[in-house]
Amino acid sequence: MSAVPPLEPALRLAVALLHSYWVLQDPVDQLSVARLRAAARELGLAGVTEPLTEADLPRLRELRDRLHRVFAAPDPAARVATLNEVLADVSAGTVVETAPDGALRLTPLPRPGPVGPFAALVTGALARAAAAGGAERFGVCAADGCDAPYLDRTRAGRQRYCCELCNNRAAAAAYRGRSRRA
């Protein structure tokens, strides 16, 4: 079995943003500039979060909500269309850059303001993930009471839950339902 390649740092930062809201944590909204900065530092992307302030939190929440809609769209075509809408809003166009390994990649040019570069970075990472793996790999958790987004990185492409906790909760609920019927 081949190993799943690691997520690019910008995509991991996008996931950190998306997972800052989860109905199974208390409080459900844990978005903060400090949290984003810590995640960015860990990923070697500190420069993109340093200009952010607490005053930017409403725009960051709006970005998070819009990116969540990408994952929650009903089919791959709708996911791509929703992602393209977000890309158009957060970037002033796209350029082709050479990555450190020499490969070419598309990079959105950020709109001005402190949220612009961050938004362009994480949205561009999602666009690259969609282009590489397909928009059918974007989804929201199937567990009752949870609609956290996930990026399906399984070989078979059959992921339905955002995490092991939700998978276990759903399996236990299904077992209890079968036991009651028996």
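Pro-9, Arg-12, Leu-13, Ala-16 and Leu-17 of helix α1 are in contact with Arg-35, Leu-36, Ala-39, Ala-40, Glu-42 and Leu-43 of helix α2, contact meaning heavy atoms within 4.5 Å. The residues of this contact comprise 8 nonpolar, no polar and 3 charged; Ala, Val, Leu, Ile, Met, Phe, Trp, Tyr, Cys and Pro count as nonpolar, Asp, Glu, Lys and Arg as charged, and the others, Gly among them, as polar. The model is predicted: local features need pLDDT of at least 70 and side-chain atom pairs count only at pLDDT 80 or more, whereas totals for chains, interfaces and linings use all residues. Residues are numbered from 1 along each chain as its sequence is written, and side-chain values use heavy atoms, with hydrogens and water left out.

Helix α1 spans residues 9-18 and helix α2 residues 33-43. Helices (H or I, at least four residues) and strands (E, at least two) are DSSP runs, numbered from the N terminus. The axes of α1 and α2 come within 10 Å and cross at roughly 160 degrees; axes are lines fitted to C-alpha atoms, for helices over the stretch in contact, and angles run from 0 to 180 degrees between N-to-C directions. The two helices are therefore roughly antiparallel to each other, a term for angles over 145 degrees. The crossing of α1 and α2 is right-handed, that is, the near helix is turned clockwise from the far one by less than a right angle.

The loop between α1 and α2 contains Val-23 and Pro-27. The peptide bond from Asp-26 to Pro-27 is cis, with omega near -5 degrees. Val-23 is partly exposed, at 33% relative accessibility (buried means under 20% relative accessible area, exposed over 50%, partly exposed in between; 1.4 Å probe, protein chains only). Apart from neighbours within four places in sequence, Val-23 is in contact with Val-28, Gly-145 and Cys-146. The C-alpha atoms of Val-23 and Cys-146 are separated by 6.1 Å, although the two residues are 123 residues apart along the chain.

A search of the whole structure gives 1 aromatic pair, defined by ring centres of Phe, Tyr or Trp (its six-membered ring) within 6.5 Å. The ring centres of Phe-71 and Phe-138 are 4.6 Å apart and the planes are at 20 degrees, so the pair is stacked, the term for planes under 30 degrees apart. Phe-71 lies in helix α4 (residues 57-72) and Phe-138 in strand β3 (residues 138-140), so the pair ties together parts 67 residues apart in sequence. Phe-71 is buried, with a relative accessible area of 3%, and Phe-138 is buried, with a value of 2%.

Methods
Parallel < 35°, antiparallel > 145°, perpendicular 65-115°, else oblique. Phe/Tyr/Trp six-rings, centres within 6.5 Å; stacked < 30°, edge-to-face > 60°.
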